[in-house]
Amino acid sequence: RAEPPEHPRLCGGQPRRELLLAWFAREQRDLPWRATKDAYAIWISEAMLQQTRVETVIDYWRRFMARFSDVRVLAAAHEADVLAQWSGLGYYRRARALHAAAKVIVERYSGEFPRDADAVRELPGVGPYTAGAVLSIAFDQAEALVDGNVVRVFSRWFAHDADYGATTAWAWEIARELVGSESGAGDWNQALMELGATLCTPREPACARCPVSMMCEAFARGVQHELPRAKQRPASIDVELLTVLVENGARVLLEQRPARGRMAGMWQLPTIEVVRDGRTAAQLFAAELPDALEIDAGESLATLRHSITCHRIRVSVVRGRLRAAVRAPFAWVERADIAALACTGMARKTLRACPRENALDRPAN
């Protein structure tokens, strides 16, 4: 079992707990999911918050809860509707896992979020972090959790100088030690994450405002900026895409992605990956999409940047004209209907960046 190092500044876990909880009660951000103890609402927020900024999640969470008010509504929904509400958050496997887990909760637990930790961890897409978050916050169970913020806080509190992977495993042991068996686990877990998100930040920790800096070993040694050791990130992969915007009055030509693979089944503007071999945009589309439709790629509209995991994507957008009939996997979609469609984030970003064309395009059919 991992033990905090012996140091006079670290003695007395209870004072640290009391100081941190008092700070959290005063200073916590006003987030909509903190106004409820409903396990379903908290579960949705935790799924959305993974790898996504809090500021982005707030509006998504509100819209999602308005559309899928409880687990039965979510379970009964079509996957396409769920993905449409999730569109723009990225990591769409999270939305698919939520949908699958909702069905399990309805079928196996009569629509009640399970309170048994093993049962929760068996739900699709639910790991130790999400299980700990929902069980502690919604039901005040003494379940630990560790995310990037908690790793950073513990690493600095105890001056744990190891690589990120080893530090994460160690942090889980510390989290289980410190969560305790008494009430208040939900507030304790949230306070840890709040401290990491607002004061004990990666680059410029605000130690002067930290309620427990006097008990922080890294602060005492002046090494708070060095911990935790940076996680090794995979090398960036540069990708260049060519996207065509084809309009017919209020309609936009969209392409549905294959049923398997990344962003499976979602809708995007017709898009191909660029190979620099001297061909024009029209020639590239003709070569890549010979059996689907012919596109006359026209004026350049925009150049966008987009990121997905380690992929750094440069998107060149051109105006297009059709020279053949539209058939699957392509379809005309009214602009007014796109908001309710499961579109990729890049498609929405492209449509926001590109002005509508006044003149009508005339498709061959």
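**Figure 1. The whole chain at a glance.** Buried residues account for 50% of the 365 residues in the chain. What you see here is a predicted model. Taken along the principal axes, the C-alpha atoms fill a box of roughly 80 × 50 × 35 Å. The accessible surface of the chain is about 18,000 Å², and 48% of that belongs to carbon and sulfur atoms. If you look at contacts between residues at least 6 apart in sequence, 68% of them join residues at least 24 apart.

**Figure 2. Helix α9 meets helix α10.** Let's zoom in on a helix pair. The axes of α9 (residues 148–157) and α10 (residues 164–179) come within 9 Å and cross at roughly 85°. Angles of 65 to 115 degrees count as roughly perpendicular, so α9 is roughly perpendicular to α10. On the α9 side, the residues in contact are G148, V151, F154, S155 and W157. Their partners in α10 are Y164, T167, T168, W170, A171, I174, A175 and L178. Sorted by class, this contact has nine nonpolar residues, four polar ones and no charged ones.

**Figure 3. N189 and its surroundings.** With a relative accessible area of 2%, N189 is buried. Beyond its neighbours within four places in sequence, N189 is in contact with G132, S136, E143, A144, L145 and V179. Take G132 from that list: N189 and G132 are 57 residues apart in sequence, yet 8.8 Å apart in space, C-alpha to C-alpha.

Figure 4. In one of them, E173 pairs with R176, with the closest N and O atoms 3.4 Å apart. E173 and R176 are three residues apart in helix α10, so about one helical turn separates them. Both ends are partly exposed: E173 has a relative accessible area of 31%, and R176 has 47%. In helix α12 (residues 217–221), R221 and E217 are four residues apart, again about one helical turn. Their salt bridge brings the closest N and O atoms to 2.6 Å. Here R221 is exposed at 54% relative accessible area, while E217 is buried at 5%.

Figure 5. R53 and E55 form a salt bridge whose closest N and O atoms are 3.5 Å apart. R53 is exposed, with 58% relative accessibility, and E55 is exposed too, at 51%. Elsewhere in the view, salt bridges link E247, E299, R319 and R335 in a network.

Methods
Residues are numbered from 1 along each chain as its sequence is written. This is a predicted model: local features need pLDDT of at least 70, side-chain atom pairs count only at pLDDT 80 or more; totals for chains, interfaces and linings use all residues. Side-chain values use heavy atoms; hydrogens and water are left out. Axes are lines fitted to C-alpha atoms, for helices over the stretch in contact, and angles run from 0 to 180 degrees between N-to-C directions. Helices (H or I, at least four residues) and strands (E, at least two) are DSSP runs, numbered from the N terminus. Angles under 35 degrees count as roughly parallel, over 145 as roughly antiparallel, 65 to 115 as roughly perpendicular and the rest as oblique. Contact means heavy atoms within 4.5 Å. Ala, Val, Leu, Ile, Met, Phe, Trp, Tyr, Cys and Pro count as nonpolar, Asp, Glu, Lys and Arg as charged, and the others, Gly among them, as polar. Buried means under 20% relative accessible area, exposed over 50%, partly exposed in between (1.4 Å probe, protein chains only). Accessible areas come from the Shrake-Rupley method with a 1.4 Å probe; for residues, only the protein chains shown count as cover. A salt bridge is a side-chain nitrogen of Lys or Arg within 4 Å of a carboxyl oxygen of Asp or Glu.
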